[in-house]
Amino acid sequence: MKILVCISNVPDTTTKITFSPDGKAFNTGGVQFVINPYDEYALTRAIELKEAQGGTVTVLNVGEADTEPNIRKALAIGADDAIRVNVKPTDAFLVAQQIAHVAKEGAYDLILMGRESIDYNGFQVHGMVGELLGIPTIAPAIKLDVNGSTATLEREIEGGKEIIEVSLPLVASAQQPMTEPRIPNMRGIMTARTKPLQVLEPVGQDAKTSVQKYELPPAKSGVKMIDAENAGELIKLLRNEAKVL
Amino acid sequence: MSVLVVIECANGEVKKSSLEAASYGSKVATSLGTSATAVAIGDVQADALTSLGEQGITKVLLDNDSRLHNFVPAAYVKVIAKAAASENSSVIVLSNSNIGAAIGSRLAVQLSASLATNVVALPEISGSAFTVRRGVFSGKAFSDVELTADKKIIAVKKNAVEIETAAGATATVENFSADLADADFTGAPKETIKQSGDILLTEADLVVSGGRGLKGPENWHLIEELAKTLGAATACSKPVADIGWRPHHEHVGQTGITVSPNLYIAVGISGAIQHLAGVNSSKVIVVINKDPEAPFFKAADYGIVGDALEVVPKLIEAAKAL
Ligand SMILES: Cc1cc2nc3c(=O)[nH]c(=O)nc-3n(C[C@H](O)[C@H](O)[C@H](O)COP(=O)(O)OP(=O)(O)OC[C@H]3O[C@@H](n4cnc5c(N)ncnc54)[C@H](O)[C@@H]3O)c2cc1C
């Protein structure tokens, strides 16, 4: 089984988000970038499937050279090889196009990624890739098993879940509780250095959206404290002042 | 040119998030000088659709093919693409739900359209520039995004727009068929497991959430009783789901569910940035924590410093007295 796992490079979850004074750019200075947390579920599940059933796991990142430390981290966790498509990922369609191209060329059986990136929160790339390839997309998937050429997935829906059986190839986007993400061990880190990382040029840069400006939400006006002894007062305030009850 | 709104239904009713999408869509239609049509799929009462007139919808196309009673992305997309073609729609409005996202991304490729998800405000339209505001960085910021393709697809975040209610206005309902083939149903669910009984977290206007400060599952009856009294859904922090005190589908935050209810009551939750990421667009946040330095107080509108096991029973009592 050939598995392609797409990872994106995002600011560490604890990053305080700030922008340039004109609001045009996200300030990356001093920010630590990590593998998108949702993508770690996809990566770990891919490695588990490979360990149990054989095959290969290729990680793919659409991004410029500064993402390579996180690509190496994915290799250290257990992927076999990596591809980086050398373009700044400014738009979901642009990224989906690159992924679909690599997926088609490599004839992958499974294309896995996280449900959304925690920076742009698009929740769109997986569906676009599936559509570009003309294969099913299951998103968001909370369980994934493969038996021969059939995959069984659980898909989260509003108010429950569905069990879906579908033939490979397919695209799935992962979220908790698909598996427990792994951290690299020493041996993984050592071997990651020698694993192949191929750099490809983009197949097109056809974006359909363009960010004009970023803005922070207005600061909260401050918290109103209520004495624990009179906790019931809170309910009255929620009804009469905040008008939410 | 027209605006097409995709309506999601459950148990014969239009979902609240779709009433918001309909209100949004008809406002966009007004600013473009056109009308808003809706497309509804599956099992829904005709009167529920007629009353979409109150949200400004003039006409509803209903495809009630019984094979569509479960969500099958490819089939749904085919119905909507056909409706968009027959209505000559240049703007398509969806809910920012799991269904909306699955439809929007496929449709965007088929129609060569621009797609914006997680949209929180009406578009700014000036000349040919069409810009929407969306939530980014897990709710920590907004970005204004220009949709540069001729066709535009917008997925509206829950609770971000008011529902219009022009009393008495009605929409006409027309039957619609996309002549679906069996092949369109690849990936249809084999089985659907509905979460039982209670109010759905993703649909809830009020949420009561518990963290590790609750000490153990044996105290969860407090969270449940407060929620039940208020008519709220229950939620929890990640460690609580990880230890198995609560099911994973209740975990909110960066790696769990994102919610934006009118009221979020956080009990015994520290307010780590990853938790805030999933709840910080709630309209009103209440924090109950025994540690006055808990970071959650900075994000709160109302706070009580105290032991959850003592404070929550008082809240239940006061809520019952309402
Ligand atoms: C990549 C990543 C992703 C993450 N994603 C998420 C996520 O999606 N959602 C999430 O929630 N977390 C997430 N986390 C974890 C997050 O960082 C915190 O660890 C978690 O939110 C803490 O949960 P908690 O507040 O319930 O527990 P704790 O940190 O243990 O805090 C418990 C709180 O309860 C208070 N307390 C204790 N006893 C009482 C009492 N008797 N009465 C009242 N208050 C009391 C304490 O003062 C404390 O503030 C993530 C972490 C990482 C690294």
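Within chain B of this predicted model, B:Ile316 makes contact with B:Leu222, B:Glu225, B:Leu226 and B:Thr229, once its neighbours within four places in sequence are set aside. The residue belongs to helix H8 of chain B, which spans residues 308–320. With a relative accessibility of 6%, B:Ile316 falls below the 20% cut-off and therefore counts as buried. The fold also brings together stretches of sequence here: B:Ile316 and B:Ile223 are separated by 93 residues along the chain, yet their C-alpha atoms are 9.3 Å apart in space.

A polar atom of the B:Asn289 side chain lies 3.1 Å from the backbone oxygen of B:Ile269. Beyond residues up to four places away in sequence, B:Asn289 touches B:Gly268, B:Ile269 and B:Ser270, together with B:Ala294 and B:Phe297, and also B:Ile304, B:Val305 and B:Gly306.

Attention now turns to the interface of the two chains. Here 72 residues of chain A are in contact with 87 residues of chain B. The size of an interface is often given as the accessible area lost when the parts come together. For chain A and chain B, the buried area is about 6,700 Å², with 59% of it on carbon and sulfur atoms.

Five salt bridges are counted between the chains. One salt bridge links A:Glu215 to B:Arg133, with 3.1 Å between the closest N and O atoms. On the side of chain A that touches chain B, at least two residues each come from helices H1 (37–53), H4 (125–133) and H6 (232–240), and from strands E7 (137–147), E8 (150–157), E9 (160–167), E12 (209–215) and E13 (224–226). By residue class, this side of chain A comprises 38 nonpolar, 17 polar and 17 charged residues.

Strand pairing also crosses from one chain to the other. Strand E13 of chain A runs parallel to strand E18 of chain B (residues 302–305), and three bridges join the two. Within this pairing, A:Met225 is placed opposite B:Gly303 of E18(B).

How values were computed: Residues are numbered from 1 along each chain as its sequence is written. Chains are lettered from A and ligands numbered from 1 in the order in which they are written. This is a predicted model: local features need pLDDT of at least 70, side-chain atom pairs count only at pLDDT 80 or more; totals for chains, interfaces and linings use all residues. Side-chain values use heavy atoms; hydrogens and water are left out. Contact means heavy atoms within 4.5 Å. Buried area is the accessible area (1.4 Å probe) that two parts lose on being put together, summed over both. A salt bridge is a side-chain nitrogen of Lys or Arg within 4 Å of a carboxyl oxygen of Asp or Glu. Helices (H or I, at least four residues) and strands (E, at least two) are DSSP runs, numbered from the N terminus. Ala, Val, Leu, Ile, Met, Phe, Trp, Tyr, Cys and Pro count as nonpolar, Asp, Glu, Lys and Arg as charged, and the others, Gly among them, as polar. Two strands pair if DSSP finds at least two bridges between them. Buried means under 20% relative accessible area, exposed over 50%, partly exposed in between (1.4 Å probe, protein chains only). A polar contact is a pair of N or O atoms within 3.5 Å; within protein, one must be able to donate a hydrogen and the other to accept it, and residues adjacent in sequence count only if both atoms are side-chain atoms.
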